[in-house]
Amino acid sequence: MFDRYRSGWQGVCLVAITYVYFLIFAQFAFLSRIASLGIAGSHLKAVMAAMAIGGILFSLLTPRLKLLPSPDFRIRIGFGTCATAAFLTLLPLGIIACMAVSLLTGAGLGLLTVTLVTHLRQWAGDRHPLLNVGVGTGIGYFVCNFPPLFTASPEVQSFTAGLLCVAGIGVTLSRLTTRSEQRTAEEGLDQDGRAEKLPSGAKAQVNLKPSMYGLKPVPFTAATYPQRTFPFIRVLVSFTALVWLDSAAFFIIQNTPELKAGTWEGPIHLWVNGLLHLVAALASVWFLSRRGLSTVLCAAFVALGAACLLLLDPSRASAASVFYPVGVSLYSVALVAYPSLIAPASSVAERGRQAGWIYAIAGWCGSAMGIGMGQNLGYVPPVFVIGAGVAVLLPWVFVLFRQRRREALLVAGTLIGAFILERVLVVGPGSTQVSQIARGRQVYISEGCINCHSQYVRPNSPDVLLWGPVKSMAEVRLERPPLIGNRRQGPDLSEVGGRRSALWLKAHFYDPPEVSGASIMPSYAFLFRDRRGDDLVAYLESLHGPGTEEHQVAERLWHPAFSAMAKADVSEGEHLFRLYCATCHSADGRTRQVWKPGFKRLPPDLALGPFFYLPPSGPVAQRMDHLAEITKFGIPGTDMPGHEYLSDKDIASMSLWLSQLATQPDRKQ
Amino acid sequence: MGESMSPQPTDAVPRPLQNPACVANAAWHSLLWLVLANSIGVLIAILLLFPALNRGLGEWTYGRWIITHMNLELYGWSSLPMAGFLFVVYGADRGLAARWCRPVLWVWSAALGVGTLSWLSGNSSGKLFLDWTGYARVCFPLAMLVLWVLLTASFAKQWNDPVNNSLLVRGGKVIGLALLMFVPAAIFIASSPNLYPPVNPDTGGPTGASQLESTLAIVAILLMLPFGLTTRKMGQARKVTATWVIFAAECLLCIALGRSDVSHHRPAQYLSLASLLVWMPLTPYYYAAFQWRPDTRRWRYAFLCWWSALLLTGWIFFLPGVLDHFKFTDGLVGHSLLAMAGFLSALLIFVMVQLLGEGSWIFNRTWSFYLWNASVVAYVMLMSIAGWREGFDPTFSIAPGMARSVIYVLRLLVGVFMLAASLEWFIASRELLRESSPVPESLPLELEKTA
């Protein structure tokens, strides 16, 4: 029993070490190291080509090599070659030496990976081999994202990778075969008692030295896992597309500081990435055992495709950082499990050849193409994502169609019918006929502003002073449709054009919390990448009725309640000033700095003045009153906004603080 | 009237489903959308607590998710169980028509998928709950029309079936089909920006007459449902008839009120709305006249309790002074949740429990029942507290402080609980689908009848 578990752990270790070596050294440290050696441009391409040649060559040759029939021995040579390459990179290499090391790395990896998956069953145990592959893959990715290793120097990473390969040799040396394994191996039977079809030479060797050659017969068949009989070529194409997307995305993130910052910089990002990899690897095991290979490939494509599309926009890098590791780990488990455990193969040799083709074409060529795309384009074109989607999803769609023909036809028929009907029924006005304000109104609707902002001032209610004046029902009904809304998580906007300047609106859309204290409104900076932002500002600016001037008279008559004035707290006033005003009214205020050229008149530094809108002299109470009015309703015709929604006490506290600041200029912040 | 519309009174248990997979599929689809909509609800609650996360969502910001959340709850979760109900009423779950139930449900779900992409891409009509525009505005009504075609075809095929032997049953079903035929067109037309219902000039919200009208539509559905779900008990005809007479009287009152922009301060508005309170005792009284499966008891009581709470609070919230205080606050958000997650969800589950028969276990696990209902109660209370505070001080919502953040955290927690309960039902519905016998591919109705 113990041996069975231990043999499973060997598989976990070998898969994990192989992945760590490939990811942290071959994809990462080696590139950094040769960059530090000053190798770039065409020389860099030559070095990388050497690795690809080595990898492809040995992936294809390994199953055909007759020299080293023992898998244990082969895998030790593979690990040894990889370790040697990793240690050699610590030396000050020239271009030729780099190419040689690169070739060695590729060759070692080709030998190692193909040998590992061809004979994985003997190391992955016979209890939960698929789970062991998933755990090994997950641990491999998790270790690579372990912050001290990820952020270590290339030398440390190379040395670690080399040491791990040495440890891999140790793992294979520690292998002991259980009695049952020996028995089945000697008899050449699988778990069901069927003779495994092996090449005659190999079978003879099994019978002679089973423990040495480790050609343990298959303890389960490919049919153990749910799968549909997809042609091998389809699986190969799917893996190639996924590796291509993965490599392209990786290269683009790695070489775009903005994207890198949003995806895998900082320990929190790395820990999260590591955990996502681990969880996705285990999810992949679950999907493979329950839903089959096609589900995993489709899910991996959806995740990787989404990541590639999200990477087109740096502001979405954090969302991409979730999809990318999930997609990568989903297919990485399958990349090991398919040739070793799932693919139907009549013999070990056939399994090896399949593994060779997968790693040569999907692994090495797909990777090279992806990196090339990243280098030359700097992004993954959406058309390519669609193409990859066709490659991966088409077989699945085809099977689904065969099983659910009625559903597919009815859905397709309805969607097509709706498309035709829409062309016939809905005739919208041409975009050229629509004014900027109308376009802005559509942006307001599209973004769901109505869910947080009303456009309705209730007559005879406190609304009138805060958001007024009131509109007549006829005016409301002129709108198509009226945007009354049903919720206020932000101010009413029916008269916002009379209360806020275009500059304020724009600055607010860029960074609401900066401009409006603790605002929970999201940033709409993305609207300004095209004309939508300016359209929306134009629409909001247009929102004011004929009663604005009359309303401003009512605002001037407003005073904070006496009780509020009595409760005014100067320290609270200072806090509110910093929250709402300092961004414009202190010398280093962010809004003031960012939007400096846009102000109609630069807001005064309230520690210094001058105060154009305050009476030069007069009693303190009158001055406070005036400050309170400005704070509450702003200054019409300028960029100074009001803070209508603040309570009288807050306004009184702010005006108290401001009045003291204005009379005691030594109280600078 | 009740006597004439009801099937023959009998003590027999409700007739068995011909193919439980049809209703099980409807349950699965509706629960799928419930889980998705609830997940979006949780996302929204998270975004309220951590607005900076919006940056990671690109253009799919808070406002677009809110639209999607509301529409999926309404057109997914709240609508698809009624498709299952209609399958049974019109016999689409029997014979050859049963093969088309699942495809029709997929068409509905596909149309909702189109809608989801449309809303997230920034296509909106600007009309809450009628948010269909562009391609989706055609696609969704067309999906409804596909359902109607299936119902009509199966009904036509079973025209001479013993179930439809009564002229009144046939007539009722024909009228039902005629009304259903107009629903897709009504959705398409009502989504137009050029149409807008009467407005209460003092709040900007619906008038009392509008609320009476929409509530009476729900009452009509509540009164019709038992005829499609079960049979009447012996000797209860008078009870049923009396209820329908009261309903007719209320309809006349609604017509008399007319449709115009009238304030809730008018006594005629809030007094006529008070007439709905009669349905608090009348609905349980009416439902007691029908035979129900014993395992519907829990959800039947739940929906009747929520219904009473909805009627009472709906009227109180409409009263002058109260509505003025709560309008545009979270108080009314809580009330909407009471309607959707409390009353409507309990009603739909009750309907599905009755329809699913042996498969009703998926909704009858104790923990998920209490988790869901207790979460709705907690949510409504939280929102009422927030709305009460907000009515005095708009800053409470616009510039959140500690108290508001605590409410947001609790709201998120409650949302997670509701998601957990719905997820449990969804997973169970998958098991039910596996258990249900597959839809027969070639079992003609005649063979089925002889069997």
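Helices are DSSP runs of H or I with at least four residues, numbered from the N terminus.

The views show a predicted model, in which local features need pLDDT of at least 70 and side-chain atom pairs count only at pLDDT 80 or more, while totals for chains, interfaces and linings use all residues. Residues are numbered from 1 along each chain as its sequence is written, chains are lettered from A in the order in which they are written, and side-chain values use heavy atoms, with hydrogens and water left out.

**View 1. The largest cavity and its lining from chains A and B.** A cavity is a set of points, on a 1 Å grid over the protein atoms alone, where a 1.4 Å probe fits but cannot get out, and its lining residues have an atom within 4 Å of a point. The largest cavity has a volume of about 550 Å³, the volume being the space filled by probe spheres set on the points. Of its 35 lining residues, A:His453, A:Gly490, A:Pro491, A:His508 and A:Met521 are the closest to the centre. Helices H23 (496-499), H24 (502-510) and H26 (532-541) of chain A, along with H2 (20-49) and H3 (62-77) of chain B, each supply at least two residues of this lining, and H24(A) gives the most, with 4 residues.

**View 2. The second largest cavity, lined from two domains of chain A.** This cavity holds about 230 Å³ of space and is lined by 16 residues, with A:Leu23, A:Tyr141, A:Asn145, A:Phe250 and A:His277 nearest its centre. At least three lining residues come from each of domain 1 (1-220) and domain 2 (229-427) of chain A, the bounds being taken from an automatic or database domain assignment.

View 3. B:Glu59 and A:Arg529 form a salt bridge with their closest N and O atoms 3.9 Å apart, where a salt bridge is a side-chain nitrogen of Lys or Arg within 4 Å of a carboxyl oxygen of Asp or Glu. B:Glu59 is buried at 15% relative accessibility, whereas A:Arg529 is exposed at 52%; buried means under 20% relative accessible area, exposed over 50%, and partly exposed in between (1.4 Å probe, protein chains only). Both residues belong to a network of salt bridges that includes A:Asp313, A:Glu447 and B:Arg64.

View 4. The side chains of B:Glu424 and B:Arg365 meet at 2.2 Å, N to O. B:Glu424 is buried at 9% relative accessibility, and B:Arg365 is partly exposed at 31%.

Notes:
On a 1 Å grid over the protein atoms alone, a cavity is a set of points where a 1.4 Å probe fits but cannot get out, and a pocket is an open set with protein on both sides within 12 Å along at least five of seven lines; lining residues have an atom within 4 Å of a point.
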